[in-house]
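Here's a walk through a protein model, going from the overall fold to a few individual residues. Keep the viewer open as you read.

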Amino acid sequence: VAHAFGRTFQAKQLPDVPKDVKGYCNADRQLFDLDAVGPALKIRAAREGDRIRPLGLGGSKLVRDYLAEIGVPVWERNRQAVVEAKGQIIWIVGGAVAADAAVSDDTKRVFEIRVCDREP
């Protein structure tokens, strides 16, 4: 459990890969391939020059460009939380997941990150 950006982040390994990964995930709950990502995660603010390879895009994109395209205001882009593993952005919290970190048919071990409002 970690607290950042006024929210609580909980990560845990699941016993099995859910059958409906897309239906399981939402803006506050995301699944990742544990073997692709590893156990060391870092939650931080997006920085100038950060890139992500979003699932389904086929290439990389600047995090700030992605946020602008989905309509996130400039003031909020400067405070956007991202999750990093092995020096790469694996999730723009509430948005894109990196292709390299996503659950696939070959995934053997999966973990989830849940984000919720921090209790006062």
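Let's settle one term before anything else: a contact here means heavy atoms within 4.5 Å. This is a predicted model, so to speak of local features a pLDDT of at least 70 is needed and side-chain atom pairs count only at pLDDT 80 or more, while totals for chains, interfaces and linings use all residues. Residues are numbered from 1 along each chain as its sequence is written, and side-chain values use heavy atoms, with hydrogens and water left out.

Setting aside neighbours within four places in sequence, Ala2 is in contact with Arg7, Thr8, Phe9 and Ile43. Its relative accessible area is 29%, so Ala2 is partly exposed; buried means under 20%, exposed over 50%, and partly exposed is in between (1.4 Å probe, protein chains only).

Now zoom out. The protein has 4 helices and 9 strands, where helices (H or I, at least four residues) and strands (E, at least two) are DSSP runs numbered from the N terminus. Read from that end, the order is β-β-α-β-α-β-β-β-α-α-β-β-β. The radius of gyration is 14 Å, close to the 14 Å that the globule rule gives for 120 residues, so the protein is as compact as a globular protein of that length. That radius is taken over C-alpha atoms, and the rule is 2.2 Å times the number of residues to the power 0.38. The C-alpha atoms fill a box of roughly 40 × 40 × 25 Å along the principal axes. Among contacts between residues at least 6 apart in sequence, 70% join residues at least 24 apart.

What about the inside? Of the 120 residues, 41% count as buried. In soluble globular proteins, nonpolar side chains tend to be buried together. A nonpolar core here is a set of buried Ala, Val, Leu, Ile, Met, Phe, Trp, Tyr and Cys residues joined through side-chain atoms within 4.5 Å. The largest one has 28 residues, and Phe32, Ile90, Trp91, Ile92 and Ile113 touch the most other members. Helix H2 (34-37), helix H3 (63-69) and strands S7 (81-85), S8 (88-92) and S9 (110-117) each supply at least two residues of this core. Click on Ile113 and, beyond four places in sequence, you'll find that it touches residues including Phe9, Phe32, Leu41, Val83 and Trp91. There's also a second, separate core of 5 residues, with Leu14, Cys25, Val103 and Val110 among them.

Two of those names come up again at Val17, in the loop between strand S2 (7-14) and helix H1 (21-24). Leaving aside neighbours within four places, Val17 is in contact with Val103, Thr107, Lys108 and Val110. Val17 is partly exposed, at 30% relative accessible area. Phe111 is 94 residues from Val17 in sequence, yet 8.6 Å from it in space, C-alpha to C-alpha.

Finally, check the backbone. Most residues other than glycine have a negative phi. Which loop holds Phe5? Phe5 is in the one between S1 and S2, and has a positive phi of about 55°. Phe5 is partly exposed, at 39% relative accessibility. Lys86, in the loop between S7 and S8, also has a positive phi of about 55°. At 60% relative accessibility, Lys86 counts as exposed.
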